[in-house]
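Dear colleague,

Please find below the structure I am handing over to you. My notes on it follow directly after.

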Amino acid sequence: MLAKLPQEVFDMVAQELPRKKDLKSLSLVNKATHVAVARTLWNSLDLSPSSERALWQFKEKPIFSPDLPAFRLATRLNFHSTFENNSADRCPHKIDVESAGSSKYARLRDNALSIIDVIPARRLLEFSWDLGTCIPGPVLGRHGRLAERQPQLRSLSLTTTGGCMIWDHPNLWAFRDLRKLCWRAPRVDNVSAISTAIRNNRSHLQHLQLDFVDWWRFRDQYYPERDDADERLSKEHFFEMEVLGNASALEHILASKGKENGLALTEEVPSGITRLLPDLRVLSLASVPVTAHLARGFDFSGIKSLTLRKCPGWTCFLGEIMNSGLPIKLSTLEIHDHGDVRGEYGYLVTDEHSSILVPFLNAFEGLEELFFGITDRTMTPAVWKQTISRHGATLRRFVHHLQAWTNDDSIGVLEEELPNLGLLPEEIGELEDSNPLTSIPNLECLGLSCVSWIMIRILLPFSTTATTTQSSLKVLHIRQTEEQRYQGSWFFESPDNSIAPIISNVDDPPSRFRANTPWQPIRPELRDLADWAFGPQGIPSLQVIACGDFGHGRNVAFRGDPTSSSFQCDNMFLCRRREQHIPAAEEVPAVESWRYPGRNANWSIFLPTEADPSTHDWAAIIERNRDALQALPVSPLLDYNISD
């Protein structure tokens, strides 16, 4: 029966078997399943650098032979990095300029080409270069090897860097069958390549993701003459005019500027003019300016996922969609307020622009994922109630991250995380008595930027003693960004109020890190939360408490070896234990003693690098909710203010 399934359906079945030993057993059923499992196992070829400081050298050192399954069967080729080093000048070009010896960038180029050349021509469907470096011309230039050998690509994902001043120029002209295009951290000279790719794939592009990292920096580089009055319209409509490049539709849209109502989304588009991207299903923009006029160019009755991260003009964009009269069929919505309206000469800080979110949520139903990070501290109860009333029946993942912006006369504008989600004491009491989130029958993942003792009060209605309804909550994410740890860690004890080492002295006996000891590396309130949540009076369905900042996929947020005195951990998972027994101190080596800080045997600590679905059941749950953990990143993908 399995042998008769199409490969796509078989892949779906295999994905439900995350343990490698299960796949191996399946491959031994017969020859047909062996071939099918091989295609599943070798479908994706993933390569990552050996170090963030050596991006030109890959961990994997395969034998480059086209006869090997890894090359013969792969349809996806991914070069990817963890971006733990988020300096914008991380490209090997910088090392080549500052040091003598062999070119590191040339080694990156040659290593990449040696892999691309052994993959059969016209085999790949997906290619990603997510290293945060320039892309070598021989790989993706005008006569690059990828365009020559794999022009049929369906998905292209690029993460480059705007900080490198030695430029290679990617050329995407050859790719005419793209369904998915992602480009993060492009340079200003890459705009024409982006525009070309969009124009050549406009009729069938389904997924578009762009992240300019820092719009204000990008804008000033693209329009260096800031005082030119004629450029104001260009700056406002940069995305329409320079990136999308659909001149005929854009001219008609902009012709409505100045009219009282303009061109509504419901108006019939004139003959010969089509929507900007008629088949679009996923639109994800970060640090990209958007306008009401841009919204008029899209068919939002077909878009299923919308992400706007720190996009100037996002309120007008949502307002135009809401007022269009067209049905909104979003299943995923992520809104991350940029926190300030920055004019030509400074900052204007306001909370009023967040108020569009409640009426927008009221305009439709059916959201499965809602992630919102706003700066208006008064919006928490209103958004929660509106979310439940319109989307409670379908919602599975809900994330709320509150960033408050304050104006300090001596320093300027400061961004702060409010540990209480901006809730007043009486509002916290109301949530403790009756939390509207408990009315979501299928809520699987909840992420909130608040400290543990408030989280307990918010979650009390989910407990076995407070409700007769079976909770579906499996992942709880306590969100404190790494940038805000200077205010004090919500997770770890430390005399200097900074991130504390999990193990302060390797000579200390393991019992020091167990319950009822004079000093605990984990803050008592976090330990109390885990003891309660995983205990008999807690939330039976809960499997994982994720702690920390996972934005941009930075899952490896720890430094050093757990046995060393310098070990520091920013992110961690507190996971429910199946075994109800903590080994005696003498049974546990020092390297493992930090895993058991609780008062009972219901939970233990794991590091992000241990989240392997083939080894741990809880890791499969993390993988399923990874988009929610990575949503609303506060720190930039690349920081132009730091040096490598």
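**Ser 472 and its surroundings**

The side chain of Ser 472 makes a polar contact with the backbone oxygen of Leu 443 at 2.7 Å; such a contact is a pair of N or O atoms within 3.5 Å, where, within protein, one must be able to donate a hydrogen and the other to accept it, and residues adjacent in sequence count only if both atoms are side-chain atoms. Please note that this is a predicted model, in which local features need pLDDT of at least 70 and side-chain atom pairs count only at pLDDT 80 or more, while totals for chains, interfaces and linings use all residues. Residues are numbered from 1 along each chain as its sequence is written, and side-chain values use heavy atoms, with hydrogens and water left out.

Ser 472 sits in the loop between helix 19 (452–459) and strand 18; helices (H or I, at least four residues) and strands (E, at least two) are DSSP runs, numbered from the N terminus. With a relative accessible area of 19%, Ser 472 is buried (buried means under 20% relative accessible area, exposed over 50%, and partly exposed in between, with a 1.4 Å probe and protein chains only). Leaving aside residues up to four places away in sequence, Ser 472 touches Pro 441, Asn 442, Leu 443, Glu 444 and Ser 541, a contact being heavy atoms within 4.5 Å.

**Salt bridges**

One of the residues touched by Ser 472, Glu 444, also takes part in salt bridges with Arg 396 and Arg 624. A salt bridge here is a side-chain nitrogen of Lys or Arg within 4 Å of a carboxyl oxygen of Asp or Glu.

In the pair of Glu 444 and Arg 396, the closest N and O atoms are 3.0 Å apart. Glu 444 belongs to the loop between helix 18 (425–433) and strand 17 (445–448), and Arg 396 to the loop between helix 17 and strand 15 (397–408), so this pair ties together parts 48 residues apart in sequence. For Glu 444 and Arg 624, the closest N and O atoms are 2.8 Å apart. Arg 624 lies in helix 22, so here the parts tied together are 180 residues apart in sequence. Glu 444 is buried at 4% relative accessible area, whereas Arg 396 is partly exposed at 31% and Arg 624 is partly exposed at 44%.

A search of the whole structure finds 17 salt bridges. Among them is that of Glu 126 with Arg 76, whose closest N and O atoms are 3.9 Å apart. Glu 126 is in strand 5 (residues 126–130) and Arg 76 in strand 4 (residues 76–80), so the pair joins parts 50 residues apart in sequence.

**Helix 22**

Helix 22 (residues 617–624) has Trp 618, Ala 619, Ile 621 and Ile 622 as its buried residues. Seen down the helix axis, they fall within an arc of 155°, so they line one face of helix 22; the arc is that of the directions from the helix axis to the C-beta atoms. These buried residues pack against strand 18 (475–478), strand 19 (544–547), strand 22 (572–576), strand 23 (603–606) and helix 23 (626–630).

**The protein as a whole**

The protein has 23 helices and 23 strands. Of its 644 residues, 55% count as buried. Among contacts between residues at least 6 apart in sequence, 73% join residues at least 24 apart.

Yours sincerely
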